[in-house]
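Look at the structure first, then read on.

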Amino acid sequence: MKNKLRVISALLCAVLIFADIGSFSASALSFVPTAVDADGERRDIKLYSECVYMVNMDSGDVIVDINGEKEVPPASLTKLMTAVVLLDELGGDESTLKNRMMSAGTEAFDELYDTGAATADIQPNESVSAYDLLAALLIPSACEAANIIAINVGGNVPAFVDMMNEKSAELGLKHTHFSNAHGLFTQQNFSTAKDISTICRYALNKYPVFRELVGSPSFTMAPTDYHPEGTYIVSTDYMINEFTDYYYTNCRGIKTGTTEAAGRCFASYATFDGMTYMAVTMGAPMEKLPEDIKKGEEDPDSMYADDVVYYNFIDHINLYEWAFDTLVQKDFINEFSEVRDVKVGYGKKRDYANLKPACGYSRMWPANIPIDDVEKKITVLDNIVAPVEEGDVLGKMELSYKGETLAVIDLISTTKVERSPVKERARVVKAYFGSKLFKITGTIVLVCIGLYCVLCFLIAQRKYLRKLNPSADSRYDDSDDD
């Protein structure tokens with residue numbers, strides 16, 4: 001029963017996340033982020049990450065998609081799914097999570113020794129609440145917390161990983177597969193920036209406790225026998241830490257992930273002036289680039305003077321600054337505007353119908369790109385005949401920008417056209433005389449008339465010959481008597 005409820009819950013959330021309007025379909029449109037340079041020229045922003053996926057969380061519009069569906073190691077972004085499975089199993093009630101105690105023996109720690117894995121200093125057999133484990137998982141990205149959760153929720157790590165993959169399937173993640181609960185190992189553990197974005201939106205929309213913890217720059221875990229004063233943990237997300245060079249006041253947090261194989265990964269969301277965006281980047285450089293070494297030497301107070309440059313944070317700051325400064329909501333289609341007329345056959349009082357869009361269309365759009373650059377292509381059905389009712393779909397309008405489809409909207413009739421029996425019969429007759437059947441029938445009739453004429457001619461000729469030579473007939477008659 002619990003599995004059935006989990007499936008139903010996932011399906012309902014998928015509907016909320018991916019709901020579409022029946023008379024309208026939209027495609028992702030990816031923009032190239034730009035900024036105005038010192039010379040006043042607008043230029044493309046350099047993005048360091050290999051994979052970039054940015055979406056407007058209010059409208060669902062995809063804003064930037066660079067290798068968004070490329071399968072790559074997600075590093076500790078894996079822990080986002082670990083958190084989701086935990087919350088789905090225990091629920092998002094804070095008191096329930098705080099009252100559920102968990103622990104694990106060395107089986108949760110053995111694989112992590114000498115790997116440099118992130119930790120919250122949880123010890124073997126230390127009893128920690130599910131709430132604190134979730135905090136350790138999401139804030140300092142503790143790998144032992146992931147394994148403890150997996151063992152307690154799934155019974156063992158492989159069984160829990162199966163639950164993670166089942167959840168991936170329920171959410172429709174076609175390019176994601178997990179082989180561990182923490183993301184430290186890469187074999188058969190992969191995902192995409194787009195799929196990670198879906199996991200984040202699911203958790204944010206469904207669980208306030210998730211939203212609270214991923215936005216916490218620091219946290220103190222409850223006291224235990226091993227840590228009588230509690231454990232103070234700090235977020236690896238520097239964009240929500242005001243004491244770092246990467247602090248961005250509009251960022252609301254989520255999670256980092258870093259391994260040599262995956263590079264620097266990051267999922268975050270930011271809110272400003274009533275707009276919310278989410279960005280997921282994967283595969284940013286681990287080492288400081290040569291050109292940035294020079295920048296650090298020239299400006300010792302800049303972030304480039306540090307031993308480590310976090311290019312994942314730089315990408316997110318640039319993306320959000322561009323989005324909040326440049327993107328505006330623009331209306332492309334007014335659902336109340338008439339588009340054109342279409343001819344209707346067999347109409348009783350009129351032979352046309354007026355068309356309008358079934359719905360309007362608006363989306364976030366760069367202010368520097370004129371909406372006139374968007375092409376509108378209209379197609380209507382062939383041979384439309386009465387009766388036509390108001391609301392009947394008689395065509396489609398396709399919006400495209402630089403060859404990429406934005407949306408396809410149904411065109412519906414605003415006019416009721418009744419059928420005329422007289423016009424129908426007249427058209428049927430007219431159509432028959434112009435049809436292939438009529439030509440075949442006509443040919444057969446003409447051939448029959450021709451044959452009949454030939455037969456009549458032959459009969460008439462015979463009668464004529466008899467009149468000219470009647471003895472011929474009597475001669476034939478005498479021969480018959482003999």
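The second largest pocket is lined by 20 residues, and Ser76, Ala118, Thr256, Gly257 and Thr258 lie nearest its centre. A pocket here is an open set of points on a 1 Å grid over the protein atoms alone, where a 1.4 Å probe fits, with protein on both sides within 12 Å along at least five of seven lines; lining residues have an atom within 4 Å of a point. Strand β10 gives the most to this lining, with four residues.

The model is predicted: local features need pLDDT of at least 70, side-chain atom pairs count only at pLDDT 80 or more, and totals for chains, interfaces and linings use all residues. Residues are numbered from 1 along each chain as its sequence is written, and side-chain values use heavy atoms, with hydrogens and water left out.

Now to helix α2. Just after α2, glycine 91 takes a positive phi of about 90°.

The whole structure holds ten salt bridges. In each, a side-chain nitrogen of Lys or Arg lies within 4 Å of a carboxyl oxygen of Asp or Glu.

| Salt bridge | N to O distance |
|---|---|
| Lysine 167 and aspartate 88 | 2.6 Å |
| Lysine 206 and aspartate 88 | 3.7 Å |
| Aspartate 292 and lysine 295 | 3.3 Å |

Aspartate 88 is buried, at 18% relative accessible area. Lysine 167 is buried too, at 2%. Shared partners join Asp88, Lys167, Glu170 and Lys206 into one network.

Key: Helices (H or I, at least four residues) and strands (E, at least two) are DSSP runs, numbered from the N terminus. Buried means under 20% relative accessible area, exposed over 50%, partly exposed in between (1.4 Å probe, protein chains only).
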